[in-house]
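Student: I am new to this structure and would like to go through it with you. Could we begin with one of its pockets?

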Amino acid sequence: MKENVMENPLQLKSLNHISILCRSLEKSLDFYQNVLGFFPVKRPGSFDFDGAWLFSYGIGIHLLQSEDPENMPKINQINPKDNHISFQCENMAMVEKKLKEMKIEHVKGRVEEGGINVDQLFFHDPDGSMIEICNCDVLPVIPLAGDATIRSCSLMNCNFQQQQQQQQQIQQVVQINRSLSNIHMQEDYLSCAW
């Protein structure tokens with residue numbers, strides 16, 4: 001029996017943010033800025049609790065200072081099967097080198113699917129939230145039902161990059177046309193002046 005699956009029943013557009021409870025807002029801010037490359041953004045002043053908002057890679061991280069940091073769950077061993085946030089990267093070897101330089105304990109993993117290898121690095125933030133860094137964009141995204149179109153993160157990214165390049169080219173053509181117009185106007189002005 002085939003199940004009826006609604007496509008986007010809530011009309012969602014994108015992932016907005018992930019909230020993370022912190023033992024130390026200061027340590028978590030340092031980690032998310034200096035290890036993962038997020039930058040702080042304005043947070044509503046009406047909040048009556050400590051926290052910070054960060055943004056990068058198209059998503060927000062909302063850090064919330066725990067009211068009872070001593071009773072937060074203890075940090076366990078790194079377990080790739082635990083809840084985690086995953087980020088794609090350009091160079092896995094460079095990421096691993098940086099993690100070693102920063103003395104961040106991590107675990108390596110590898111997924112193989114149809115001759116495609118996906119490398120993974122797992123580590124914790126200061127509060128034990130799991131972070132994964134991978135090169136997952138090489139793995140195609142194949143829907144199980146409905147739209148049978150095969151997609152991959154890299155193809156979607158490629159399309160986005162192509163759109164950006166087209167926009168840049170259009171802007172360059174507009175600038176060239178403006179420059180040519182100015183040259184013709186100057187030539188017309190000079191011929192009229194003689």
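Student: Which residues lie nearest the centre of the second largest pocket?
Tutor: They are Asp82, Asp127, Gly128, Ser129 and Met130, and 18 residues line this pocket in total. On a 1 Å grid over the protein atoms alone, a pocket is an open set of points where a 1.4 Å probe fits, with protein on both sides within 12 Å along at least five of seven lines, and lining residues have an atom within 4 Å of a point. This is a predicted model, in which local features need pLDDT of at least 70 and side-chain atom pairs count only at pLDDT 80 or more, whereas totals for chains, interfaces and linings use all residues. Residues are numbered from 1 along each chain as its sequence is written, and side-chain values use heavy atoms, with hydrogens and water left out.

Student: How much space lies in the second largest pocket?
Tutor: About 370 Å³. A volume here is the space filled by probe spheres set on the grid points, which are joined across faces, edges and corners.

Student: Which strands each supply at least two residues of its lining?
Tutor: β1 (17-22) and β5 (84-88) do. Strands (E, at least two residues) and helices (H or I, at least four) are DSSP runs, numbered from the N terminus.

Student: Why does the second largest pocket lie between domain 1 and domain 2?
Tutor: Because domain 1 (14-66) and domain 2 (78-142) both give residues to its lining. The domain bounds come from an automatic or database domain assignment.

Student: Let us change topic. Where is His124 found?
Tutor: His124 belongs to strand β7, residues 116-124. It is buried, with a relative accessible area of 14%; buried means under 20%, exposed over 50%, and partly exposed in between, with a 1.4 Å probe and protein chains only.

Student: What is His124 in contact with?
Tutor: Apart from neighbours within four places in sequence, its contacts (heavy atoms within 4.5 Å) are Phe31, Ile75, Asn76, Gln77, Ile78, Ser129 and Met130. Ser129 and Met130 are also among the residues nearest the centre of the second largest pocket.

Student: And Ser28, is that buried or exposed?
Tutor: Ser28 is buried, at 0% relative accessible area, and its place is in helix α1, residues 25-34. Not counting residues up to four places away in sequence, Ser28 touches Cys22, Leu63, Pro126 and Asp127.

Student: Now the cysteines. How many disulfides does the count come to?
Tutor: The count is one disulfide, where a disulfide is a pair of cysteine sulfur atoms within 2.5 Å. This disulfide joins Cys134 to Cys136, with 2.2 Å from S to S. The link is left-handed, with -130° about the S-S bond.

Student: Are those two buried or exposed?
Tutor: Cys134 is buried, with a relative accessible area of 0%, while Cys136 counts as partly exposed at 21%. Cys89 is in no disulfide, and the nearest cysteine sulfur, that of Cys134, is 7.1 Å away. Cys89 is itself buried, at 17%.
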